[in-house]
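Reader: I am new to this structure and would like to go through it slowly with you. Could you show it to me before we start?

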Amino acid sequence: MVIKARHKRFILIAIGLALLGLAATLIFNAFSSNMVFFYTPTQVDKGEVPHDTGFRIGGLVSPDSLKRQDDGLTVHFSITDTAKTVPVVYKGVLPDLFKEGKGVVAQGKVGPDGIFVASEVLAKHDENYMPPEAAEALKRAQAQGSTSLVMPK
Amino acid sequence: MIPEIGHFALILALLVSLVLGTLPIIGAASGNAVWMGLARPAARAQFLLIAVAFVCLAYAFAAMDYSVMYVAANSNSKLPIQFRIAAVWGGHEGSLLLWAMILSIWTVAVSLFSKHLPDDMRARILGVMGLVSVGFLLFMLMVSNPFERLIPAALDGRDLNPLLQDPGMIFHPPMLYMGYVGFSVAFAFSIAALLGGQLDAAWARWSRPWTTLAWVFLTLGIMAGSNWAYYELGWGGWWFWDAVENASFMPWLVGTALIHSLAVTEKRGSFKAWTVLLAICAFSLSLLGTFLVRSGVLTSVHAFATDPRRGLFILAFLVVVIGGSLALFAWRAPTIGRGGKFSVISRESFLLANNVLLAVAAISVLLGTLYPLFLDALGFGKISVGPPYFDSVFAPLMAPALFLMGIGPIARWKNASLPELAKRLRWAFGVSIATAIILPLLLGNLTPMIGLGLFLAVWVFATTANLVYQRLRGSDQALITRIKSTPRSWWGMVAAHLGIAVFTVGVTIVKGYESEIAVRMAPGDVAHLAGFDFTFVGVDEIQGPNYSASRGQLRVTKNGVERTVLTSEKRLYTVTNMPMTEAGISPAVIHDLYASLGEPLTDGAWSVRIYHKPMVEWIWFGCLMMGFGGILALSDRRYRIKKRSKDEALANEAVA
């Protein structure tokens, strides 16, 4: 069988499109299955969060909430958006700029006991810099008019 | 007084760049030789003026002039002199000045090394670069002037962000910017070609060395950044898919596609429109990178400045540059003409496939970087896509690209034969498969990703070896003559491809076999990792120039034999009150041992993180090889023999 040039070009274009379609599917699949959503402590408190997948929460580390277990590595603290507070447990070394009263973002899941088990704790490298997620959580809590803490500057 | 001189020089530079950006281009359109001739002196004047401004700012830093707001915000009298100078580009305003300065360096370089170009072409190229410069100088003078005074002057500066107080700060940003801004030359060549309607093999030959040089800088700049993050952040990671890293990686991916596409345009006259589009995209992504990093839209360590006016200006600038050049492309590209034909199995096809894969990879990075920002800006909530997204997208996209990389250089131009290729590469394929299975089994862990990574790395090694062997064998000449008679640009390709293979080995091994522990250690405690024993000696207090630190030492032994001592510091920078970790690293070809102090616990104990990173140094060595390959290609004879290319340019002109 002789393949004409025109047919050949058509086949080529078809193969190219199929491959691009495959790549697009791959990318969007990966994208949707790796998206991590952000919730505020208030939303966690109301139970508006997924239970099977992980997510991020942000806010301030509640003052005097940091407790260390005897192994020196497991830490308990709570994250607050000034309206609600979520208890968090994390095993590992905390980032340099993790401090009580400062902004923080944690990624992980909520356990059946309501404690947020963090797999990752982020605090950014600038003394006065607030992670946008943490700032957002405070803003939303304030908008709901239930401020119970003075916002630190 | 000195800062005012700098400010004034910037204003003059803007005026000169306005002349450079308009008259030569108009002159080229109307055939006015005098106006075209303005391009070269204007490029030089612009460079001198911006250099004066740059030196003035550096002087203000060196002389600790805290009546300049930017100096007061980014320096301190206790900051060592090398960091005071590097602090010139430590913040928003100064890094833009660095950008403009580097752009003027590239512009003046083009004006110096373009004697062989037709007058109108040179006038257009320098003009386009002048227009880009207008945008940046205007931006600086309008919303981010580095020379702005602070009255009354501060007693002392607020200090440079401790994260940036590192030798990496001296090399990484200038290298990276040389790469970013270097793509402006390829961009200007493309716009000039679209304006002039002249796009031929000669155009590609002129454009190629500039693009390669920019690519070399970008490669080395990214490498320096990755290495810096590895030892500075204390997490043992070398790439975080952070938006700032992505911002530099996207132009790299497109730039890599561009240097290959340019090769086809030069050798075969094909892919012309595609090459032009890639050049526009590479530079647009560089601009976007600057925007992402410098406008404060990101949740990232690099984005210190938050000023909506600045963001708006850069956004408008981006729209004008990208939109304008794409519109010009859509309008003029149909006149470019088609190149030579090629069959489905040919080097052109393989290169095209690689180009498409690289472009798709760049798009996937763009999506992952920008989509969360869009959602946020539109009020649809905050999301993030982390490393898992990029990892799962990159492996399937880069695997075929690496596979094709082995075949492309061996395939013939225009029309290659698949059975012949298969026959020639069957040994390489066998060796790769065997290594990919046997080696992981020997190392005790075979996963699909390790197997795939090793297969691809060995495949690139083996096919490149085959390529070199075929090239050098079978003639009567002495081997050394044959090596010398092969063009350096060809050896450059070999070196760069081997660099990719070395890089792939590093990534595969470190991802597959790295291990880490986080432990509580009191003095005298011993931790075990990867067959090594780490004894915590203890912590002593030391005093740095602008910080105080706790320095912890770990003695590393294997089977009782002392191997090395890892020293990690936990610093507290006194001015900014920021803690910083300095990791203790023992680098080696086979593996790195890496330790960083966590937090002080009770009874003199500390939490300590220890990492075993096998072959991680190969990652950066591979990048160095790629950069070396680029430099080798640039040293090719045909770029050095000025007279010949001049004659050719004349001949081409006569034909056109």
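Reader: Let me start with one residue, then: what stands opposite B:His591 in S10(B)?

Author: B:His591 has B:Pro614 of S10(B) opposite it. Before we go further, please keep in mind that this is a predicted model, in which local features need pLDDT of at least 70 and side-chain atom pairs count only at pLDDT 80 or more, while totals for chains, interfaces and linings use all residues. Residues are numbered from 1 along each chain as its sequence is written, and chains are lettered from A and ligands numbered from 1 in the order in which they are written.

Reader: Thanks, and in which sense do strand S9 and strand S10 of chain B pair, and over how many bridges?

Author: Strand S9 (residues 591-600) and strand S10 (residues 606-614) of chain B pair in the antiparallel sense, over eight bridges. Strands count as paired if DSSP finds at least two bridges between them, and the elements themselves are DSSP runs numbered from the N terminus, with helices (H or I) of at least four residues and strands (E) of at least two.

Reader: Which sheet of chain B has S10 and S9 in its order?

Author: They belong to an open sheet of four strands, whose order is S2-S10-S9-S8 in chain B and whose pairing is antiparallel. Its edges are strand S2 (515-521) and strand S8 (584-586) of chain B, each of which pairs on one side only. From one strand to the next, the twist averages 15 degrees, where axes are lines fitted to C-alpha atoms (for helices over the stretch in contact) and angles run from 0 to 180 degrees between N-to-C directions.

Reader: And what is the order of the sheet of five strands in chain B?

Author: That open sheet has the order S3-S4-S5-S6-S7, and its pairing is antiparallel too. Strand S3 (526-529) and S7 of chain B are at the edges with a single partner strand each, so one side of each has no neighbour in the sheet. On average, and with direction ignored, neighbouring strands of this sheet are turned by 25 degrees against each other.

Reader: Moving to chain A, how many helices and strands does it have?

Author: Chain A has three helices and seven strands, and from the N terminus on its elements run α-β-α-β-β-β-β-β-β-α.

Reader: How many residues of strand S2 of chain A are buried?

Author: Strand S2 (residues 55-61) of chain A is mostly covered, with seven of its seven residues buried. S2(A) is joined by six bridges to strand S6 (residues 103-110) of chain A, running antiparallel, and A:Gly58 there stands opposite A:Val105 in S6(A). Two bridges also join S1(A) to S2(A), and these strands run parallel, with A:Arg56 in S2(A) as the bridge partner of A:Phe38.

Reader: Which strand of chain B pairs with strand S1 of chain A?

Author: Strand S1 (residues 35-39) of chain A pairs with S1(B), in the antiparallel sense and over three bridges; A:Phe37 has B:Ile383 as its bridge partner there.

Reader: How many residues are in contact between the two chains?

Author: On the side of chain B there are 35 residues in contact with 29 residues of chain A, where contact means that the C-beta atoms of two residues, placed from the backbone, lie within 7 Å. H14(B) gives the most to the side of chain B that touches chain A, namely six residues. By class, that side of chain B has 18 nonpolar, 13 polar and four charged residues, with Ala, Val, Leu, Ile, Met, Phe, Trp, Tyr, Cys and Pro counted as nonpolar, Asp, Glu, Lys and Arg as charged, and the others, Gly among them, as polar.

Reader: Last topic: where do the domains of chain B run?

Author: The domain assignment of chain B gives domain 1 (1-165), domain 2 (170-407), domain 3 (408-490 + 498-513) and domain 4 (515-615), with bounds that come from an automatic or database domain assignment. The C-alpha centres of domain 1 and domain 2 of chain B lie 24 Å apart, and their contact takes 27 residues from domain 1 and 29 residues from domain 2 of chain B.

Key: Buried ≥ 20, exposed ≤ 12 C-beta atoms within 10 Å, placed from the backbone.
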